[in-house]
Amino acid sequence: MPAFNQRIAAELEERKQKGLTRRVNVLSGANNSSFQSDARRYVNFSSNDYLGLATDADVVASWHKGLDLYGAGSGASPLVTGYSPAHQLLEETLCEWLGYERAILFVSGFSANQAVLFSLLDKTDLLVQDRLNHASLMEAGSLSPASMKRFKHNDVEHLEKLIDGTKSSLVVTEGVFSMDGDKAPLDSIHQRCRAAKSWLMVDDAHGIGVLGENGEGSCSAVGIKPELLVVTFGKAFGLSGAAVMCSEETGDYLAQFARHHVYSTAMPPAQAYALASTAKLIQEQNWRREKLLELQSVFDDELRNLDGFVQTETPIKPLICGEAETAMNLARSLKEKGFWVTAIRPPTVPAGSARLRVTLTAKHTCDEVKLLGQEICRALG
């Protein structure tokens with residue numbers, strides 16, 4: 001048997017024995033607050049569609065209009081023929097909203113993060129990352145030519161010790177951490193970066209749209225402006241793609257040297273058109289954020305006395321179970337009651353910290369959240 005076959009078989013079997021095998025489920029209507037699977041209906045508590053915009057009639061209508069105006073695909077990379085008035089409109093909308101000179105568009109948050117680190121850093125630079133940053137950032141950092149150090153999660157004092165004032169340094173953190181739902185101490189991190197003349201990059205995938213007075217995200221909520229802000233469209237926007245917000249000069253640099261931008265087919269113009277419309281809805285419809293706050297309060301009231309409960313100020317609600325088998329059993333128990341909640345296991349989270357990752361959306365009802373909390377308590381009681 002060829003070496004690849006042996007390796008594939010062995011690693012699949014090892015993952016199976018550890019109870020870590022992942023499966024793809026065909027879910028009808030999974031971008032909504034409830035969906036159907038195997039002829040049964042489930043309330044969906046695993047979606048990142050925090051504001052409930054993925055199926056919003058206005059968002060769908062704007063995509064339809066974009067299709068009528070621009071057709072289905074972009075046809076090429078942005079620097080060839082793939083850049084349309086719809087892309088320009090989206091960039092201008094984001095810049096006006098978030099207060100940056102440039103917005104460079106990417107087809108995913110993963111590619112945006114990697115594009116920045118691969119193109120910006122060289123072997124004389126220092127990259128300092130929060131230990132719990134997303135896999136896209138960690139992988140890009142380890143493969144970049146820069147020296148990479150990791151600071152303890154949200155530990156500003158440890159960060160300060162790692163920054164080397166003699167090197168060009170880039171500090172990278174998430175605004176809201178996807179597995180824990182906690183927020184980075186961005187104001188303190190920003191102060192340390194300014195003192196050390198370092199640049200700050202914030203991946204605000206889970207903060208944009210949810211935090212801030214009009215959904216401007218984690219940085220605006222604490223009154224800072226990092227040199228690089230990554231906003232993604234696959235969570236609160238309800239669509240997909242990403243943008244890197246930056247200065248005019250940095251935008252020119254990324255457009256020239258970020259290979260994920262230069263050599264990838266641009267996002268469909270109809271999608272860009274829909275995203276520009278969605279950005280307006282996010283700013284105008286504060287009731288969506290108010291609804292999330294109400295649901296978060298209901299959830300916290302139901303579970304606050306339960307072992308493993310973690311209080312957060314975001315729609316991401318982790319329930320720490322410890323072992324992977326415990327998390328999987330709890331997820332199965334909830335599924336039997338009609339609640340779809342994903343169990344998160346190593347290697348996505350550290351060993352011994354397997355969890356349920358409950359996510360709330362503006363389309364949930366208070367009764368649904370309350371019933372979920374009661375079922376969790378019953379299953380663990």
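Helices (H or I, at least four residues) and strands (E, at least two) are DSSP runs, numbered from the N terminus. On this basis, P347 is placed in the loop between β12 (342-344) and β13 (354-359). The peptide bond that leads from P346 to P347 is cis, with omega near 10 degrees.

The structure is a predicted model, in which local features need pLDDT of at least 70 and side-chain atom pairs count only at pLDDT 80 or more, whereas totals for chains, interfaces and linings use all residues. Residues are numbered from 1 along each chain as its sequence is written, and side-chain values use heavy atoms, with hydrogens and water left out.

Two further loops hold residues with a positive phi. N154, which is not a glycine, has a positive phi of about 60 degrees, and N154 belongs to the loop between β5 (147-151) and α6 (156-162). K197 is likewise not a glycine and has a positive phi of about 55 degrees; the loop that contains K197 runs between α7 (186-195) and β7 (199-203). K197 counts as exposed, at 74% relative accessibility. Here, buried means under 20% relative accessible area, exposed over 50%, and partly exposed in between (1.4 Å probe, protein chains only).

The interior was examined in terms of nonpolar cores. A nonpolar core is a set of buried Ala, Val, Leu, Ile, Met, Phe, Trp, Tyr and Cys residues joined through side-chain atoms within 4.5 Å. The largest such core comprises 79 residues, and L94, F237 and M245 have the most contacts inside it. Helix α11 (residues 269-284) gives the most to this core, contributing eight residues. Another core, of 21 residues, lies apart from it and includes L121, L137, V244 and C246.

The surroundings of F237 were listed by contact, defined as heavy atoms within 4.5 Å. When neighbours within four places in sequence are left aside, F237 is in contact with L53, L94, W97, I208, T232, L275, T278, A279 and I282.

The cysteines were then considered. A disulfide is a pair of cysteine sulfur atoms within 2.5 Å, and the structure holds zero disulfides. For C193, the closest cysteine sulfur is that of C219, at 11 Å, which is too far for a bond. C193 counts as buried, at 1% relative accessibility. C246 is also in no disulfide, since the nearest cysteine sulfur, that of C95, is 8.0 Å away. C246 is buried, with a relative accessible area of 1%.
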